[in-house]
Amino acid sequence: MDVELRGITKRFGPVTANDNVNLTIRAGEVLGLLGENGAGKSTMMNILSGLYSPDEGEILIDGKRVDFEGPGDGIAAGIGMVHQHFMLVPVFTVAENVILGVEPTGMFDYLDLATARKQVRDINEKYGLQVNPDALIEDLPVGIQQRVEILKVLFRSAEVLILDEPTAVLTPQEVEDFFGIVKSLRDAGKAIVFITHKLHEILEISDRINVLRGGRITGEGDPKSMTENQLAEMMVGRPVSFDVDKGPFKPGETLLDVKNLMVLNENDETAVENVSFHVRSGEVVGIAGVQGNGQSELIEALTGLAHAAGGKIDFLGRDITNVSVRERHRMGMAHVPEDRHKSGMISNFTIYENMVLNTYYEDRFSSGPAIKWPDVLKTAAQYAVDFDVRTPSVYLKAGNLSGGNQQKMVVARELERETKLVIASQPTRGLDVGSIEYIHSRLMGARDEGDGVIIVSSELDEIMALSDRVLVMYDGKIVAEFDATAGPLDKNAIGLAMAGVTA
Amino acid sequence: MTDTTSQSNLADKLLQRAAPGRAEFEDLVVVPIFAVIVALIVGALIMLATAVDIETIGRSYLALLQGSVGSMNAISETLTSAIPLVLAGLGLALGFRAGLFNIGAEGQIVVGGIAAVIVGFSFPNMPWIIHMPLALLAGAVAGGLYASIAGYLRAATGAHEVITTIMLNLSSYLLLSYMLGLEWMQRPGRSDPVSKSVLPSAELPRLLTDIDPNLRLHAGIFVMIAAVILVHWLLFKTRTGFEYRASGENPDAARYAGMHASAIIVFAMATAGALAGLAGANQVLGVLERATPGFSSGIGFDAISVALLGRSHPVGVLFAGLLFGALEAGGRQMQVDAGVSIDLISIIQALIIVFIAAPLLVRAIFPWGFKKPAGR
């Protein structure tokens with residue numbers, strides 16, 4: 001099945017989200033759709049799936065014009081969307097989730113689960129998805145849950161699959177498997193639209209690439225002949241540097257000294273075991289590892305959000321093992337949390353309130369019991385300008401900002417004060433190239449001014465680009481250490497250490 | 001040089017507040033107004049269905065209007081009824097903002113009332129300038145302490161405040177019955193459970209007796225206005241309020257920001273309880289001048305509706321409390337004039353809450369009152 005979008009324009013009030021967009025999707029082909037957050041990718045795909053109707057332009061399926069009236073029409077016409085956020089019932093089995101809404105039923109509304117399971121198994125085999133139809137969703141890892149989402153659209157006989165940032169939630173190994181599935185779907189004659197802002201992925205998987213910027217198609221090309229730099233420039237509208245500008249490595253005195261740290265997770269199991277390391281002034285220490293190997297718990301213990309079950313943390317020569325979050329913060333510890341939505345910001349608060357979320361009590365913002373809101377406002381506006389947070393007003397709710405701008409807001413709040421140690425967890429997850437570049441340069445700025453920096457990331461490329469020293473965590477322990485100042489880092493060796501293979 | 005000026009211009013631009021959105025206006029003003037209208041219409045339908053003739057229905061709504069705002073006495077009654085609703089509603093709103101679903105205003109009112117009555121009859125010869133504030137304070141402190149039991153249980157053990165406050169409500173009724181039978185508490189010469197009368201020096205003086213000795217409006221209205229201002233200031237201008245709101249919106253972010261979750265829960269509950277206790281003190285010192293069984297008369301539960309209707313905003317709570325006060329005062333008139341039971345007022349109050357809680361329903365009934373949703 002081929003789908004063509006012709007001259008699609010969609011406006012939301014004064015904002016033109018899509019401006020005269022033309023796009024062709026062909027059967028047996030992976031179309032890579034690249035664009036920054038807010039470039040109009042999602043709007044376009046929502047038009048294609050029938051959720052929005054375009055103000056101008058038309059959609060043609062196999063040359064015939066179609067008009068979608070509502071969200072059900074897209075899938076009825078064979079266009080299925082796999083969302084970035086899964087829509088699954090955790091306590092249902094795979095088969096139950098797949099048939100939800102289109103259940104095969106017999107007499108007296110009898111739910112024919114046997115047929116459903118057989119159909120799910122058939123689809124499974126046909127595309128090599130390898131999902132057990134009887135497994136409960138809540139027991140499955142994220143990568144498998146995503147396959148269930150794919151199963152759902154295949155079960156509804158979709159010929160066109162729209163995958164919205166599918167790799168954002170996957171580990172590197174899962175991405176590999178996922179690409180295998182995408183290829184088998186393509187070879188079976190499905191048309192795939194692969195939406196992402198990760199350049200190397202789009203080059204690897206796509207047969208054809210379209211780049212979207214500001215609601216328009218700004219570039220089109222063949223992945224075989226294009227480079228990441230060309231794509232990035234098309235996407236951002238200016239040349240983007242992938243090399244992080246770093247000053248010379250001048251480590252100073254030890255700021256943070258962790259000795260034999262033990263941390264338990266929520267279930268009282270050992271999450272961090274006997275970890276010792278130190279961070280010096282003017283140094284970036286990268287902590288690499290596949291997610292769930294104790295990095296989150298380590299950071300929580302360092303920042304005071306979790307108790308240390310054993311061991312000792314010294315910061316600026318003081319034992320802070322049992323010191324409160326606020327006191328550590330006051331001593332100059334900055335923390336960019338791994339999940340900004342969960343803990344880094346309050347979506348329902350304004351930008352200016354979020355800008356002082358953990359500094360509101362300081363003398364510059366408070367006098368007596370009252371907060372000096374005029375001062376907060378002025379400062380917040382200045383922070384927003386300094387950190388390029390793009391918003392019409394600081395009175396806007398933080399939840400209305402795009403992901404990149406939210407993250408810049410969080411980073412601004414953490415870095416715009418006297419800091420000694422910056423702890424950044426997944427500082428650029430889910431962000432576009434422009435924002436990543438900006439946040440990296442700010443983190444490096446902190447390093448060059450003499451701060452110690454800890455970066456935790458599951459993106460190995462990010463760790464390698466930024467770190468002066470790399471620690472690899474596996475199963476709660478630091479299993480390897482690499483020095484970037486001595487010579488180029490060996491990506492392969494780090495990858496092996498992340499997988500638990502000790503040299 | 002030019003760079004810094006353009007930078008500061010940019011910052012100035014960010015300081016401009018966007019014009020209040022149409023959606024916000026609809027949410028805060030249009031939906032409540034329509035909700036009241038629909039509730040009144042459904043109320044009329046209910047009367048119709050129970051074989052009340054149209055003329056009586058007309059008469060009863062007229063009485064509702066007259067009894068709430070139709071005369072000096074009506075306005076005085078409306079305000080008198082509104083005072084405890086607003087005070088307790090403010091407390092609940094504050095709790096909601098901090099993420100605490102406090103159902104216990106009723107119990108806090110009872111306990112606050114008991115404390116205020118005891119102080120009110122215990123200190124003869126005390127000048128009113130000390131005695132009255134002391135009695136009010138006693139009510140606030142008792143309500144606050146009583147609520148903080150639930151707060152402490154939540155913070156220390158995780159016991160949910162909905163359960164504990166409901167239990168504390170029940171306990172408070174029994175405490176009241178018990179105490180009204182105590183020798184030093186009971187009015188001499190009475191066998192039924194009635195407390196001693198509050199001394200004149202502790203009473204909240206009536207304000208309009210010069211115009212008509214029957215007007216019951218009392219000085220509690222100043223307490224109410226002060227409380228609205230104070231709660232607004234506390235919630236939106238202070239560090240404490242910022243902490244309350246942050247932990248109500250996102251407890252994880254509050255913890256990340258170094259706020260003390262347990263302390264916030266206990267303090268927010270105590271503040272909420274103090275306001276409810278003040279409402280109880282207000283009833284016994286301003287209206288009843290003694291404590292009787294059931295003197296709280298469900299104010300604590302109506303206050304939940306008031307807080308919800310007022311969207312947990314102090315000013316909203318003030319208006320919602322005035323509306324509920326008007327319905328109550330008007331309802332009494334309605335019962336007298338048209339013979340329609342005052343229970344209908346409870347039905348109308350409940351319907352208002354139903355419609356407020358279901359804005360989509362209101363939008364569906366009055367499509368022309370709202371802007372078309374963006375998107376399609």
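**View 1. The contact between chain B and chain A in a predicted model.** Chain B contributes 29 residues and chain A 48 residues to the contact, where contact means heavy atoms within 4.5 Å. About 3,300 Å² is buried between the two chains, with carbon and sulfur atoms giving 58% of this area; buried area is the accessible area (1.4 Å probe) that two parts lose on being put together, summed over both. In this predicted model local features need pLDDT of at least 70 and side-chain atom pairs count only at pLDDT 80 or more, while totals for chains, interfaces and linings use all residues. Residues are numbered from 1 along each chain as its sequence is written, chains are lettered from A and ligands numbered from 1 in the order in which they are written, and side-chain values use heavy atoms, with hydrogens and water left out.

**View 2. Salt bridges across the interface of chain B and chain A.** Two salt bridges are found here, each defined as a side-chain nitrogen of Lys or Arg within 4 Å of a carboxyl oxygen of Asp or Glu. One of the residue pairs joined by a salt bridge is Arg245(B) with Glu353(A), at 2.8 Å from N to O.

**View 3. Helices on the side of chain B that touches chain A.** Helix 1 (2-14), helix 8 (220-237), helix 9 (239-249) and helix 10 (251-256) of chain B each supply at least two residues of this side; helices are DSSP runs (H or I, at least four residues), numbered from the N terminus. Helix 9 of chain B provides the largest share, six residues.
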